[in-house]
Amino acid sequence: MALPTAPRVILRLVPGLARQTTASIKPVPFFQSTSSTPRPFPFFYPSQQHLPFAIPRNTFFNSAPVPSPTFTALRAAFHTSSRLPNARLPLVQQRGFQSSSRAHGIRPYYGDMNRGRRPPNWKDRINSIEHVWILGGLIVANALVFCAWQYGQELAVRFRDASWIRFLQRNFTVSWQNITQGRVWCLLTSAFSHEGTSHLVMNMVTLFFMAPPVLAMLGNVGFLSLYLFSGLSASTFSLLFNHYVTQNPQYAAHGASGATYGTIAFFAAAMPRATFLLFFVVPVRAWLCVSGLFAWDFYNATSRRGGMTDSAGHVGGIASGLLFFLRKVGRI
């Protein structure tokens, strides 16, 4: 290790000091740790890309904890395209300098910024909407249909006018009579229908807590596809089961529970070790909770005929949520 010129002259004048000083000077690495145990580099998140180039790879973070997968990583896994709609352009492509006159038109300095990039389609526009608006829109739609049912009941009780109730039964409930008369849209519109207050509150509270993580994984278009597919499948399965198995001529049901059960089943399939609070008190694993609901509804659908609960629709909703998950991960 070379010394500066001025200290070198002083050391020549004092030979003993020179021997003592040069003996105590040793080359010390710049990043040498003061303790035997390697410690993390301060002020930085423990990632290799934030460290200086001179530090070896396994010097500091041999025992760093592996971060758990987030909903953003799950969303990237479920999307077929690696480019998300909200991803920003690189810094070079964000700056569009003009090197030509206005008469020749606008020509970016770095070339065509949109070359190789497709224009945004309707899926990109829907996915760019905030998740809270999608969830709020579904809750508001269910609440409006519920208010229509309450209005129809008030008309029937006070003024003996059942026309509004008849309209809702023909267009917002699933029955064999509606299908045979050509009103096939009731398979989908019933996914927004509630007639009882407890039915509405239970489904909307469940959707309020279960929809945000599924929205983070699938995006707006994927979540809406899951909701509509689950409601449509639950209504179809309930219709066929009650017509051919139970043979109930007075069958008419709402399909909103099937759409909610499909959302729960998808979340349980994606994160089976997550914890549900059953009745907001009892902690239960997601896979165990959904398996118990499926077994209970399947038993009620096959053993208990009649009643106010459409257990067959619940079974169809859970099965459709699991099928949607298997389709997303490429198993079917």
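Figure 1. The model shown here and in the following views is predicted. Of the 332 residues in the chain, 31% are buried. The secondary structure comprises 13 helices and two strands. When contacts between residues at least 6 apart in sequence are considered, 63% of them join residues at least 24 apart.

**Figure 2. Helix 6 and its packing partners.** Helix 6 spans residues 131-159 and contains 29 residues. From the first C-alpha to the last, helix 6 reaches 42 Å, close to the 42 Å expected at 1.5 Å a residue. Its buried residues include the aliphatic side chains of Ile-134, Leu-135, Leu-138, Val-145 and Leu-155, together with Phe-146 and Trp-149. Asn-142, Ala-148 and Gly-152 are also among the buried residues of helix 6. The buried residues of this helix pack against helix 7, helix 10 (197-244) and helix 11 (256-270). Arg-160 follows helix 6 and has a positive phi, near 55 degrees.

Figure 3. Asn-142 is located in helix 6. Because its relative accessibility is 0%, Asn-142 counts as buried. A polar contact of 3.5 Å links the side chain of Asn-142 to the side chain of Tyr-227. Leaving aside residues up to four places away in sequence, Asn-142 touches Ala-191, Phe-192, Ser-193 and His-194, as well as Leu-200, Met-204, Tyr-227 and Ala-256.

**Figure 4. Ala-256 and its contacts.** Ala-256 belongs to helix 11. With a relative accessibility of 1%, Ala-256 is classed as buried. Residues up to four places away in sequence not being counted, Ala-256 touches Asn-142, Ser-190, Ala-191, Ser-193, His-194 and Asn-203. The C-alpha atom of Ala-256 lies 9.4 Å from that of Gly-317, although the two residues are 61 residues apart along the chain.

Figure 5. Asn-171 is part of helix 7, which covers residues 163-171. Its relative accessible area is 14%, so Asn-171 falls within the buried class, for which the limit is under 20%. The side chains of Asn-171 and Trp-185 are joined by a polar contact of 3.0 Å. Trp-185 is also listed among the residues that Asn-171 touches, along with Arg-183, Cys-186 and Thr-189, when residues up to four places away in sequence are not counted.

**Figure 6. The nonpolar cores.** The largest nonpolar core has 41 residues, and those with the most contacts inside it are Leu-207, Val-214, Phe-223, Phe-266 and Phe-276. At least two residues of this core are supplied by each of helix 6, helix 7, helix 10, helix 11, helix 12 (286-303) and helix 13 (311-328). Helix 10 provides the largest share, with twelve residues. Another core, of five residues, lies apart from the largest one; among its members are Val-174, Leu-187, Leu-239 and Tyr-251.

Conventions
Residues numbered from 1 in each chain as written. Predicted model: local features only at pLDDT ≥ 70, side-chain atom pairs only at ≥ 80, totals over all residues. Heavy atoms only, no water. Helix = DSSP H or I, 4+ residues; strand = E, 2+ residues; numbered from the N terminus. Buried < 20%, exposed > 50% of the residue type's maximum accessible area, 1.4 Å probe, protein only. Polar contact = N/O pair within 3.5 Å; in protein donor to acceptor, adjacent residues only side chain to side chain. Contact = heavy atoms within 4.5 Å. Expected span 1.5 Å × (residues − 1). Core = buried A, V, L, I, M, F, W, Y, C linked by side-chain atoms within 4.5 Å.
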